[in-house]
Amino acid sequence: MHFFESFLDSYGWEGTALAGMLALLLGVQLHYYIIAYGRIAGYKNSRRPAVLDTDPAVSVIVPLFSEDYVFVEERLPLILAQSYPDFEVVIVYVGQDTDFYEDLERLKQSFPQIVTTKILLDPRFPISRKMALNVGIKSAHYEHLVFTSTDACPQTDRWLALMAKGFTRGDIVVGYCGVEQTKNPHNRWMRTWRMMHAANWLARAVKGHPYRGALQNFGFTKSLYFGVNGFGNLNMNIGEDDLFLQRIMTRDNVSVILSPRATLREKTWGGMRWWMSRLRYYRSAFRFYPQQAKNFVQWETGSRLLFFALAICALAIMPLEFRLAVLAALLVRYGIVAWQVRRLSKRLGETGLTALYFVYDLLSPLWSVALSLSLLRKDPRVWR
């Protein structure tokens, strides 16, 4: 009490309130980085009770919306080369090129685990990814399904084995997909954004409150899918990795696979303009998330933005000793953040992100605000 009165006499109500808010916001930030994100680095899926005695046969389903020979020649072989004894790759081709589809079918002669199916593309009736996945699910021969995309590729030949093992601990499996590493000057920002965006839903998943997965790296069983009559939100072109999973996820049926060997990398197709457009497209589903999930994401970004804003205010107007205390708080926070981000990067197979993380740390709240403002106008690409 004496300390509070002395502090009040020295800095007034305004300074005391400023110090209290800074301490509160620092506590929120440390909760996220020490406790919530800290669970990811130390998580072991093997501690969950087993639901299967053996690793199951798996169907990998890949929708293909163009005559993508780069996928066929470069990324498909990485899937087929997975070190796993019992799997098939179901390719759902959506298009009109008969020659291309015949080329796909001829691959079966060399790779019998390939299953192909075709949806004739009619410009009058656009085919969504959900429709293609639905056809793939019905064409799959196995109960356990893993989904990926043509622009993502495994980093090791153990990816599928680790995802399949996840089914021994749950009916839903979620893994991480990062962004490919390039020399593009914006690449580090994209990779960091992807990792920290994933950190939010991974942190909730390992705690037992899952709400989504990665579009290019998740799986579930046929029984779950048909038990809820397939994908919902059919008026949207998105949502299979979040809105649908929210319908079938429970505290006890989700396996989280965290290993650099189980990481996929997604190809980038442009710079920051393309990246912002992509974020805006997929973020359109966010407003339909459970309130708890939205709060978890928004409180971290909001508390960080307010903490930096109040710290700048304190550094500008408060006495020297107050400013030194704020600087010390900033250094302590960043030291903990850098340490935890390094642990997270190691667990997810990311490299080279820690050194310049402070730039992302400072600017990403403003980027989030810009993204939220862009979502005030509906994205016509989302709706059917």
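This is a short walk through one protein chain, from its overall form down to a few single residues.

Good morning, everyone. Before we start, please keep in mind that this is a predicted model, where local features need pLDDT of at least 70, side-chain atom pairs count only at pLDDT 80 or more, and totals for chains, interfaces and linings use all residues. Residues are numbered from 1 along each chain as its sequence is written, and side-chain values use heavy atoms, with hydrogens and water left out.

Let's begin with the whole chain. You will find 13 helices and 10 strands in the protein chain; these are DSSP runs numbered from the N terminus, with helices being H or I of at least four residues and strands being E of at least two. The radius of gyration is 23 Å, close to the 21 Å from the globule rule for 384 residues, so the chain is as compact as a globular protein of that length. That radius is taken over C-alpha atoms, and the rule is 2.2 Å times the number of residues to the power 0.38. Along its principal axes, the C-alpha trace spans about 85 × 45 × 40 Å.

How much of the chain is buried? Of the 384 residues, 53% count as buried, where buried means under 20% relative accessible area, exposed over 50%, and partly exposed in between, with a 1.4 Å probe and protein chains only. As for contacts (heavy atoms within 4.5 Å), residues 24 or more positions apart account for 82% of those with a separation of 6 or more.

Now to the aromatics. The structure holds 27 aromatic pairs. Rings of Phe, Tyr and Trp (its six-membered ring) pair if their centres lie within 6.5 Å; planes under 30 degrees apart count as stacked, over 60 as edge-to-face, and the rest as tilted. Take Tyr 225 and Phe 231: their ring centres are 5.1 Å apart and their planes sit at 70 degrees, so this pair is edge-to-face. Tyr 225 is buried at 1% relative accessible area, and Phe 231 is buried too, at 8%. Both belong to one aromatic cluster, together with Phe 147, Phe 218, Phe 220, Phe 226 and Phe 244.

Next, two arginines. Where is Arg 48? You can find Arg 48 in the loop between α2 (38-42) and β1 (58-64), and at 15% relative accessibility this arginine counts as buried. Leaving out residues up to four places away in sequence, Arg 48 touches Tyr 43, Arg 169, Arg 251, Asp 252, Asn 253, Val 254 and Ser 255. Thr 150 is 102 residues from Arg 48 along the chain, and their C-alpha atoms are separated by 31 Å.

Arg 280 lies in helix α10 (residues 272-283) and counts as buried at 12% relative accessibility. Apart from neighbours within four places in sequence, its contacts are Leu 371, Ser 374, Leu 375, Arg 377, Lys 378 and Asp 379. Arg 280 and Val 382 are also 102 residues apart in sequence, and their C-alpha atoms are 9.7 Å apart in space.

Last stop, Ala 205, in helix α7 (residues 187-207). Ala 205 is buried, with 9% relative accessible area. Beyond its neighbours within four places in sequence, Ala 205 is in contact with Pro 210 and Val 256. Leu 324 sits 119 residues from Ala 205 along the chain, with 38 Å between the C-alpha atoms.
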